[in-house]
Amino acid sequence: MKQKIAEFSFLHVFAILLVVLGHSFYQTNSLIVDWMYQFHIPLFFFVSGYLFNVSVNGKPLQPHIFLSRKAVRLLLPYFALSTLLFVPKVLLSQYMVRPIEASWSEYVLMLIYPYRNVNSSYWFLPTLFLLFVFAVVALLFFQRLKHRTSLTVTTLLLTLLALANISLPFSHDTLFNVVGVIHYAFYFALGYFVFSFGLMRFLDKRKTSFLVFLFTLAVSIIGLHVNKSPLMDLFFAMNGILMSVALARLYAKYEFHFLNHLSPSSYTIYLYYGIFQALSLQILMRFTHFDNVVYIILAFLTGVYGSFLVYKLLYGYRNSRLGRILALISGISVS
């Protein structure tokens, strides 16, 4: 089990790095961005669903304790960092891609409509929290029925969620991103039920993970030249998830360690990378004139390692009163 957790820790870091890289191509079209956007967000929810299964499997679920911890982990950074970033975003609005006004209505709207947030990546936080709420309710329902989810029930549930994914028009402007919750519920549930389909046992077979990785990588590249539709988006997202899981299996199999140092700080990197990228891209580009490749590399490195340094700094001071507060709103465990 520890090995499997290590693989999914790699997946979490891998997904974070894809997000940072994707936002490093500021105002630049790239096939790399098109490729990763096929699957990197669904991968986040897939990993979250899997880890939810690990956290509740074989243990008594205490909904109020579980959800209160998730609220601290997800909603506290969402509201605190959004509030702290609001004023600087207003003051530097002329340098930003999406200027905002200094008003209470703008402040409230960017909190209750996550895609309007001052940090566009923060929409993920309330979306994931609502998914945890729905997952806890569903789990309690099955527990009261004293009925374990069979493979048939699992398949039926995933089918219904997949149909909702492809049939419900996606909108970036819904209260607390409820439509997004429904859209991404399929990938969360897929992660939760992944062991029901024996995927990990299948990938453990000799050379299977390598062949699966090569095949799914080829399919994802072909996907760059296929006409998009909700059904095709679902297919290529699942393909990308399978590719990522196979890559994680290879990473563990050959005992690579080059991303391990980022694993404890991956959530903090997600929370802070946008700040460093705004400084290195949206502002710096106004006053310098380097080649776009320089800005892309700079944005990626500062997004990852600027945030990594924030993690190291706050982790070191987490036992002080102020350090504890800053650590909590930065996704750092203080226990």
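A: Let us begin with a single side chain. Contact means heavy atoms within 4.5 Å. Setting aside neighbours within four places in sequence, Tyr78 is in contact with Met110, Leu111, Pro114, Asn117, Tyr122, Leu125 and Pro126. The model is predicted: local features need pLDDT of at least 70, side-chain atom pairs count only at pLDDT 80 or more, and totals for chains, interfaces and linings use all residues. Residues are numbered from 1 along each chain as its sequence is written, and side-chain values use heavy atoms, with hydrogens and water left out.

Q: Where does Tyr78 lie, and is Tyr78 buried or exposed?
A: Tyr78 belongs to helix α4 (residues 63-91); helices are DSSP runs (H or I, at least four residues), numbered from the N terminus. Buried means under 20% relative accessible area, exposed over 50%, and partly exposed in between, with a 1.4 Å probe and protein chains only. Tyr78 has 1% relative accessibility and therefore counts as buried. The C-alpha atoms of Tyr78 and Trp123 are 8.6 Å apart, although 45 residues separate the two along the chain.

Q: At what angle do α7 and α8 pack?
A: Axes are lines fitted to C-alpha atoms, for helices over the stretch in contact, and angles between N-to-C directions run from 0 to 180 degrees. Helix α7 (residues 151-167) packs against helix α8 (residues 178-192) at about 150 degrees, with the axes 7 Å apart. That makes α7 roughly antiparallel to α8, a term for angles over 145 degrees. The crossing of α7 and α8 is left-handed, meaning that the near helix is turned anticlockwise from the far one by less than a right angle. Residues of this contact include Leu158 and Leu161 of α7 and Ile182 and Phe186 of α8.

Q: How is a pair of aromatic rings described?
A: The description uses the distance of the centres and the angle of the planes. Rings of Phe, Tyr and Trp (its six-membered ring) pair if their centres lie within 6.5 Å; planes under 30 degrees apart count as stacked, over 60 as edge-to-face and the rest as tilted. The whole structure holds 37 aromatic pairs. In one of them, Phe52 and Tyr192 have ring centres 5.7 Å apart and planes at 40 degrees, so the pair is tilted. Phe52 lies in helix α3 (residues 40-56) and Tyr192 in helix α8, so the pair ties together parts 140 residues apart in sequence. Both Phe52 and Tyr192 are buried.

Key: Helices (H or I, at least four residues) and strands (E, at least two) are DSSP runs, numbered from the N terminus. Angles under 35 degrees count as roughly parallel, over 145 as roughly antiparallel, 65 to 115 as roughly perpendicular and the rest as oblique.
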